[in-house]
Amino acid sequence: MPGVVFKKTSAGVSAEFKNVSRYFGRRPALCEVSFELAAGGRYALVGPNGAGKSTLMRLLTGGLRPDAGEVLVAGAAPWGRDPATRRRLGFLAEGAPLAAELTLREHLALAGRLRGLDRLQTRREEERLCAGLNLAACLSRSAGLLSRGQARRAALAAALLGRPDFLILDEPTAGLDPEESARFRSLLDELPSSVTVLISSHILDEIFSLTEAALVVNAGRLAAFGPWSEVLPGAAADAGAENFLMRRYLALLRPETAQ
Amino acid sequence: MNGLSLGPAGSDAPLSGPAEAGGGAMKNISLARLTLTLAAAETKCFWRSAAAGLSLLVFLGFLGFFFYNGVAAYVFGSLEAAAQGRSLDASLALFSQGLAQVGFVLLLVAPLATMKSLATFKRGGHLDFYQSLPAPRGGLILGAYLAAFVNLTILLALSLVPFGVLLWAGVGSWEIILSSYLGLLCLASSFAALGLLASAASPSPMGAALGSLGLTGLMWMLGWAAPYMDKDFGRLWQGLAFAPRLNRFVMGLVDLNDVFFFLALTGLALYSAGRFLDARAAHGAD
């Protein structure tokens, strides 16, 4: 669905895909995808496994380059030589990208140094993030000894360090228990309105409540993009009714099976 | 939700976005800072891992074995030579031979020092995390290389002990030690870079270790095949081989051509490792 734009006016970081295609070998991971994420927007990225969600996120963070088309984050290519664009990104990759041998404190210190923070700033961020994500008790523990949920929160803390303007979160609540998921939702609520957030998740009711618009990717193509009310009409009235959301979502992905 | 204040006590400071720390308190960081920061973290990771213990075990075990054999052979050789009214050159018999063997032992442990770095980065999102940082891309390779080089240098420093004891006992010469360790450092640099190349090209640490051992082992042995080849090819293979170059260093000969060869090989391997990571971004598998 090229050319779709969902605009929101706010200061911060915007992102744009212009007819972006990306192949792995001969297999197309994304085909002519176009959209624009307005600064300060909260977006959900949904789609079945292998639809191209991770590829799309890695194109946004500069981890991948498009084979065709243009990816712009804050008006510049994120994989370019100038790291100024990446300075504004916070990325939580799938899994828990932590070195098992380092403690959580060492991880946060490393992330702080790599993001150009001084020691005092890193320390303040560490205190705030650990309080917010309930990680204070794990600070001296090696990442290899953290539980799955703790490791996920630790990786999230590293992504949030340095107050990025654009958060890209790949399955942020995967492996978290309900209380930890609630913490995460609260954390998102407290982000300043200027921060652009893109969240990939398979938990539809959760992501529906966290975001205001959705990108639906299916088989490498943009199946739908816009406010939830347009992507899944009627969803707002039945917010929380997961079955309804799921039915509409599946109907969107497989129109031939829709009633 | 109660108890979920994200700021310090009494503060409403948000977790992200413009705030007193500077929305985006993040700054661009220099290549040198990225390299040193990553190298320090990687070195720390290595020495806390099982690979470090295994490296120490293999390195010290083989070193001790070769050194014991060298000393025993020297003692028997000296007795034999004395009976014939001759004397053995200790520098040649103990130092040159022993230090060349240090190079061979280094070849065996180098894959352990490099197998995890880039191969591990590619798994679990490390590479995606590093590539999303506001830092020059080259720093990732240089940091991993510096860490591997430092780890191999630490192992080399341990090998100084037995030769230091011999020097203290009045056997051998400083000149041989200096030229040999210059050669061994050049060799360690090449091993680290080739190991990273294998690590960048391999999808797993085990594949990286085997690839590294294959590459360095091949370059070690190239000279052995040279006498059986066509003259021009033989010269080329001899020129690419590690062993003849190290042999000149351990004999006390510092040839700038040899130093240049190792440095050029290091640069080429690091550049190729960078291209492999770039290729992953440009064309690689997801």
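Residues are numbered from 1 along each chain as its sequence is written, and chains are lettered from A and ligands numbered from 1 in the order in which they are written. In this predicted model, local features need pLDDT of at least 70 and side-chain atom pairs count only at pLDDT 80 or more, while totals for chains, interfaces and linings use all residues.

Q: What is the order of the strands in the open sheet of six strands in chain A?
A: Strands (E, at least two residues) and helices (H or I, at least four) are DSSP runs, numbered from the N terminus. Two strands pair if DSSP finds at least two bridges between them. The sheet has mixed pairing, and its twist averages 15° from one strand to the next. The order in chain A is β5-β6-β7-β3-β8-β9.

Q: Which are the edge strands of chain A?
A: An edge strand of this sheet pairs on one side only. In chain A this applies to β5 (89–92) and β9 (221–227).

Q: In what sense do β5(A) and β6(A) pair, parallel or antiparallel?
A: Strands of a sheet pair through backbone hydrogen bonds, in either of two senses. Strand β6 of chain A spans residues 166–170 and is joined to β5(A) over four bridges. The sense of pairing is parallel.

Q: How many residues lie between β8(A) and β9(A) in their hairpin?
A: β8(A) and β9(A) pair in the antiparallel sense over six bridges. A:V216 has A:A224 as its bridge partner in β9(A). In the turn of the hairpin, A:A219 has a positive phi of about 50°. The number of residues between the two strands is two.

Q: Which strands of chain A does helix α1 of chain A touch?
A: Helix α1(A) covers residues 53–61 and packs on the sheet. Contact requires that the C-beta atoms of two residues, placed from the backbone, lie within 7 Å. Angles run from 0 to 180 degrees between N-to-C directions, and axes are lines fitted to C-alpha atoms, for helices over the stretch in contact; the direction of α1(A) makes about 150° with that of β6(A). The strands touched are β3 (42–46), β5, β6, β7 (196–200) and β8 (213–218) of chain A.

Q: At what angle to β5(A) does helix α4 of chain A run?
A: Helix α4(A) comprises residues 148–160 and lies across β5 and β6 of chain A. Its angle to β5(A) is about 170°.

Q: How many of the eleven residues of helix α2 of chain A are buried?
A: A residue is buried if 20 or more other C-beta atoms, placed from the backbone, lie within 10 Å of its own, exposed if 12 or fewer, and partly exposed in between. Among the buried residues of α2(A) are A:L104, A:H107 and A:R113. Their cover includes α3 (119–132) and α4 of chain A together with α1 (31–47) of chain B. In α2(A) (residues 104–114), the buried residues number nine.

Q: How many helices are there in chain B?
A: Chain B has zero strands. Of its 286 residues, 44% count as buried. Among contacts between residues at least 6 apart in sequence, 77% join residues at least 24 apart. The number of helices in chain B is eleven.

Q: How are α3(B) and α6(B) oriented to each other?
A: The axes of α3(B) (residues 90–114) and α6(B) (residues 138–168) come within 10 Å and cross at roughly 155°. Angles under 35 degrees count as roughly parallel, over 145 as roughly antiparallel, 65 to 115 as roughly perpendicular and the rest as oblique. α3(B) and α6(B) are therefore roughly antiparallel.

Q: How are α3(B) and α10(B) oriented to each other?
A: α10(B) comprises residues 242–250, and its axis comes within 9 Å of that of α3(B). The two axes cross at roughly 140°. Residues that meet include B:L99 in α3(B) and B:L246 in α10(B). The two helices are therefore oblique.

Q: How many nonpolar residues has the contact of α2(B) with α3(B)?
A: α2(B) (residues 50–83) packs against α3(B) at an angle of about 160°, with their axes 9 Å apart. Ala, Val, Leu, Ile, Met, Phe, Trp, Tyr, Cys and Pro count as nonpolar, Asp, Glu, Lys and Arg as charged, and the others, Gly among them, as polar. The contact has six polar and no charged residues, and its nonpolar residues number 19.
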